[in-house]
Amino acid sequence: MDQSKQQVNSKIRCSVESCSYHTSHYCTLDSISVGCSDSKVHASKDTECNSFRLGQ
């Protein structure tokens, strides 16, 4: 199923317009996976959305 065409999930705000799951400042996935690029995370800027998929 193409989740990028589903309704927005108002519980997951998103500002990444290049993601295929982004719609109107929200995510269309039921849930997301959040990870980090370093073993020691001290701020939100050190985290990343592992559910990101580049849109067209």
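**Strands, burial and surface**

Guide: Read along the sequence, the protein chain follows the pattern β-β-β-β-β. The model is a predicted one.

Visitor: How many helices and how many strands are there in the protein chain?
Guide: The pattern along the sequence is β-β-β-β-β. The count for the protein chain is zero helices and five strands.

Visitor: What box do the C-alpha atoms of the protein chain fill?
Guide: The box is taken along the principal axes. Its dimensions are roughly 35 × 20 × 20 Å.

Visitor: What percentage of the residues of the protein chain count as buried?
Guide: A residue counts as buried when its relative accessible area is under 20%. The protein chain has 56 residues, and the buried part of them is 25%.

Visitor: Is N9 buried or exposed?
Guide: N9 lies in strand 1. The cut-off for a buried residue is a relative accessible area under 20%. N9 has 16%, so N9 is buried.

Visitor: Which residue has its backbone oxygen 3.2 Å from a polar atom of the side chain of N9?
Guide: Not counting residues up to four places away in sequence, N9 touches Y26, C27, T28, L29 and D30. The backbone oxygen that lies 3.2 Å from a polar atom of the N9 side chain belongs to D30.

Visitor: How far apart in space are G35 and T47, C-alpha to C-alpha?
Guide: G35 lies in strand 4, residues 34–36. Leaving aside neighbours within four places in sequence, G35 is in contact with T47, E48 and N50. G35 and T47 are twelve residues apart in sequence, and their C-alpha to C-alpha distance is 5.7 Å.

Visitor: Why does G35 count as buried?
Guide: Buried means a relative accessible area under 20%. G35 is buried because its relative accessible area is 14%.

Visitor: Where is V16 found?
Guide: At 37% relative accessibility, V16 counts as partly exposed. V16 is found in the loop between strand 1 (9–13) and strand 2 (22–23).

Visitor: Which residues form a nonpolar patch on the surface?
Guide: Patches are made of residues with over 30% relative accessible area, and V16 has 37%. Together the patch residues have about 280 Å² of accessible area. The residues that form this nonpolar patch are V16, F52 and L54.

Methods
Residues numbered from 1 in each chain as written. Predicted model: local features only at pLDDT ≥ 70, side-chain atom pairs only at ≥ 80, totals over all residues. Heavy atoms only, no water. Patch = residues over 30% accessible without salt bridge, like charges linked within 9 Å, V, L, I, M, F, W, Y side chains within 5 Å. Areas by Shrake-Rupley, 256 points an atom, 1.4 Å probe, with all protein chains shown as cover. Salt bridge = Lys/Arg side-chain N within 4 Å of Asp/Glu carboxyl O. Helix = DSSP H or I, 4+ residues; strand = E, 2+ residues; numbered from the N terminus. Buried < 20%, exposed > 50% of the residue type's maximum accessible area, 1.4 Å probe, protein only. Polar contact = N/O pair within 3.5 Å; in protein donor to acceptor, adjacent residues only side chain to side chain. Contact = heavy atoms within 4.5 Å.
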